[in-house]
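Thanks for coming, everyone. Please take a look at the model on the screen, and I'll walk you through a few spots.

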Amino acid sequence: MSSETITADAAGTFKLGDHTVSRIGFGAMRLTGSAAFHLGTASDRERSIAVLRRAIELGVNHIDTAAFYFSSLRSANEIINSALAPYPDDLLIVTKVGPFRNYSGDWGASARPDDLRGHVEENLRQLGRDHLDVVNLRRMRQDSIAEHFGALAELREEGLIRHLGLSDVEPRHLEEAQAIAPVVCVQNRFGLDRRDPATDELLRICGEQGIAFVPFYAIAGEGAAQGATGTHDDAVLAVARAHDASPAQIRLAWTLHQGPHVLAIPGTGNPDHLVENVAAGAVRLTDEELDTLNTLHGQAG
């Protein structure tokens, strides 16, 4: 498929909070280096800035980021600020809080509820904003999220946050949070080659309730923070050939076909991969192809 002129509009739109966004967004984690966090070599800053600006040109208006997305020399939030400020009115920036990395890049202890104000303020400083559009609480293995989500709800009442979301949760956590404040999105690990019954149930619940479901590692698969997987099932390769597309595009297309409330946030520091990812929104899978890929997902571990 030709991807040169395909924009994010091809994937359709969905309302996330008070913004209508293209269903193909952009994940900022890979802006900082060849692999996420401190795992790879630092990126070329000007190239990362160019990738972000090209994403906006292609109609992307939903960026997912976090203050803990940094490498030895690069900060995703700083790059976003440098590339895009003053921000377009239609741009939605989603951040997440909960995990913590110190200045050496080492992971610290999970945040306490009273730490979250500092996490939010750090994102505000780095992005150069006086409020955050959406903040996802990333659950860090705690059984109950009530205290942590309640702390963010208080910051929402103060006007530092517009909308709240959740990340890495089970259906019971969504219900727990909704008793405290509205939830506009859920961000869990989800992909063609990874099946988790609790996440599949959340996908269904979010669709019924009009909540955006935003998978991460949809392309990366088992590569996770290291980057996109190079291993693809024969069925994926066959569908890719049928559409003159890459396996990564088929993975993204399958993700988007899981429901109109599903948003994709593929990340890259490569301008060619960016164009390819956005073009995946134009791939229309047949019912037979969907059945084949859904079966593959159902068999995944």
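In which strand is His-163 found? His-163 sits in strand β7, residues 161-167. A word on the ground rules. This is a predicted model, with residues numbered from 1 along each chain as its sequence is written. Local features need pLDDT of at least 70, side-chain atom pairs count only at pLDDT 80 or more, totals for chains, interfaces and linings use all residues, and side-chain values use heavy atoms, with hydrogens and water left out. Helices (H or I, at least four residues) and strands (E, at least two) are DSSP runs, numbered from the N terminus.

Back to His-163. Is it buried or exposed? His-163 counts as buried because its relative accessibility is 16%. The scale: buried is under 20% relative accessible area, exposed is over 50%, partly exposed is in between, with a 1.4 Å probe and protein chains only. Beyond its neighbours within four places in sequence, His-163 is in contact with residues including Gly-17, Asp-18 and Val-184. Contact means heavy atoms within 4.5 Å.

Gly-17 takes us to a hairpin. β1 and β2 form it, with two residues between them. Gly-17 is in the turn, with a positive phi of about 65°. Strand β1 covers residues 13-16, strand β2 covers 19-22, and they pair in the antiparallel sense over four bridges. Pairing requires that DSSP finds at least two bridges between two strands. Phe-14 has Val-21 in β2 as its bridge partner.

Now the open sheet. Its seven strands run in the order β3-β4-β5-β6-β7-β8-β9, with parallel pairing. The edge strands are β3 and β9 (212-213), each pairing on one side only. β3 pairs with β4 (residues 62-64) over two bridges, in the parallel sense. There, Phe-26 has Ile-63 in β4 as its bridge partner.

Past β9, look at Val-214. This residue lies in the loop between β9 and α7 (234-242). Val-214 counts as buried because its relative accessibility is 3%. Among the residues Val-214 touches, not counting those up to four places away in sequence, are His-62, Cys-185 and Leu-263. Val-214 and Ala-264 are 50 residues apart in sequence, yet 6.0 Å apart in space, C-alpha to C-alpha.

Next, a lysine. Lys-96 lies in strand β5. Why does Lys-96 count as buried? Because its relative accessibility is 2%. The Lys-96 side chain makes a polar contact with the side chain of Tyr-69, at 2.9 Å. A polar contact is a pair of N or O atoms within 3.5 Å; within protein, one must be able to donate a hydrogen and the other to accept it, and residues adjacent in sequence count only if both atoms are side-chain atoms. Lys-96 is also in contact with Asp-64, Asn-123 and Arg-138, among others outside four places in sequence.

Last stop, helix α9, residues 271-279. Its buried residues are Leu-274, Val-275, Asn-277, Val-278 and Ala-279. What covers the buried residues of α9? The cover includes β3 (26-27), α1 (45-57) and α8 (247-256). At the start of α9, a side-chain oxygen of Asn-270 reaches to within 2.8 Å of the backbone nitrogen of Asp-272.

That's the tour.
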